[in-house]
Structures are given as C-alpha cells and as structure tokens.
Amino acid sequence: MRRWIAPALALVLTAGLTHGLTLALGPGVIMDRAMAALEARGVSLHAFTTPQRVTPTTQQVVRSSPDLYYALCRYDLTKPAGSGAVAPRVEITMAKWDAYQSLSFFDARTNNFATIRGEGKAIRVSLRRGVGESGPVEAFRPDDAGRNGRDFVVNSPTDTGIILIRRLAPSAEAFAKALEAGKADDCQFALVPTIVY
C-alpha cells in the first residue's frame with residue numbers, strides 16, 4: 001500500500017498544477033488567438049469594423065444572433081515610448097439607435113468588465129487603463145471640468161481588448177438602418193493630459 005502513496009501524491013499534484021495553469025493562462029491564450037483571428041478578418045485597431053448580417057453562411061462567432069448587428073473595435077492602451085506626460089485613451093462614440101443597443105468591453109483575459117446600454121441615445125465614453133474607485137465604469141457629472149463631452153469613463157484592467165456594439169436589427173431593412181447608424185460610431189486612440197479627479 002505504501003508504494004502507491006508517492007505515485008498517488010505525484011498524480012494529484014500534477015493534476016492540481018495542470019488545472020491551476022489552465023485557469024491562470026487559458027483566458028490570455030484564448031484572447032490572444034481571438035485578437036489575432038479578428039485582425040486577420042480585418043477588424044481594425046481603434047476603429048469600428050462594419051459587420052455583415054449574421055446568416056448561416058456568414059456566422060463566425062459561436063452563438064451570434066441573426067437578430068443583432070455587431071460592430072467590433074480592437075484597442076491597445078500601451079503608452080508609446082517618449083510620449084511624455086500624457087495618458088493613452090480610446091474615445092468611443094456609440095451612435096443613437098432607437099431600439100436596444102449596448103456597448104461592451106472585454107479585456108485581454110476575456111473578461112467582460114463593462115457594459116453600457118444606450119437605447120434611444122448616443123453614448124460617448126473615454127476608455128483608459130486602470131481601476132476606478134467605484135468599479136470599471138464612472139459616470140461624469142454634468143458640470144465636471146474633465147468631462148470633455150463624454151458621458152462615462154471606463155477603466156480597462158488590461159492594455160488591450162475588444163469593444164463590441166450590439167444593436168437589435170432583426171430584419172434586412174433594420175440591419176440596413178443599423179449600418180447607416182453605425183457610420184456615426186467612432187473608436188479613436190488619443191494621447192491626452194492626465195486628469196486628476
């Protein structure tokens with residue numbers, strides 16, 4: 001019986017180590033592959049990519065809905081070398097859409113760290129690196145000097161990630177209207193002076 005104790009302990013330790021490494025490294029590896037696949041499909045860095053309507057022949061995302069319009073923007077908040085006392089941001093505008101729409105943020109470990117709904121109105125967001133005192137999303141006060149025309153600040157836990165706009169567009173006609181509305185979506189990289197609140 002004693003001769004099985006050491007192999008059994010080695011098996012348990014190996015299984016535990018493998019499980020731990022999978023949990024720790026898996027999301028980052030998955031997101032790296034997703035980012036590379038999106039880049040290969042033409043999804044731009046710091047610009048929303050106009051989607052195709054989801055049909056059985058165009059479906060590339062598992063469980064994507066044929067009733068939704070999807071627009072993607074990859075982001076990278078890495079501070080360029082020699083850029084001085086400024087902070088990288090991505091300035092995002094989700095255009096007005098009268099039906100359901102949302103703006104979702106995914107970090108480099110596949111976590112959905114913020115989602116903002118915007119039915120019937122345009123939403124303007126500044127995305128920056130960091131962790132906010134009140135969570136990932138901070139709403140600006142209307143009289144805030146640092147507002148700069150934005151409705152929200154979203155704090156990204158990683159330098160890279162993906163921004164996703166979803167709009168309810170269940171018919172070809174509604175999808176064509178969503179494409180038209182999407183022309184006013186914006187996702188731009190900017191270097192701005194750091195604002196202290």
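Predicted model: local features only at pLDDT ≥ 70, side-chain atom pairs only at ≥ 80, totals over all residues.
**Exercise 1.** Find the handedness of the disulfide between C73 and C187, and say which strands it links.

*Solution.* Look at the torsion about the S-S bond first: it is about -60°, so this disulfide is left-handed. C73 sits in strand β1 (residues 68–76) and C187 in strand β9 (residues 186–193), so the bond ties together parts 114 residues apart in sequence.

**Exercise 2.** Decide whether C73 and C187 are buried or exposed.

*Solution.* Buried means under 20% relative accessible area. C73 comes in at 0%, so it's buried. C187 has 1%, so that one counts as buried too. For context, 39% of the chain's 197 residues are buried.

**Exercise 3.** Describe the secondary structure of the protein chain, then compare its radius of gyration with the globule rule.

*Solution.* Count the elements: two helices and nine strands. Along the sequence they run α-β-β-β-β-β-β-β-β-α-β. Now for the spread: the radius of gyration is 21 Å, well over the 16 Å that the globule rule gives for 197 residues, so the chain is more spread out than a compact globule. As for its extents, the C-alpha trace spans about 70 × 50 × 30 Å along its principal axes.

Notes: Residues numbered from 1 in each chain as written. Heavy atoms only, no water. Helix = DSSP H or I, 4+ residues; strand = E, 2+ residues; numbered from the N terminus. Rg over C-alpha atoms; globule rule 2.2 N^0.38 Å. Buried < 20%, exposed > 50% of the residue type's maximum accessible area, 1.4 Å probe, protein only. Disulfide = S-S within 2.5 Å.
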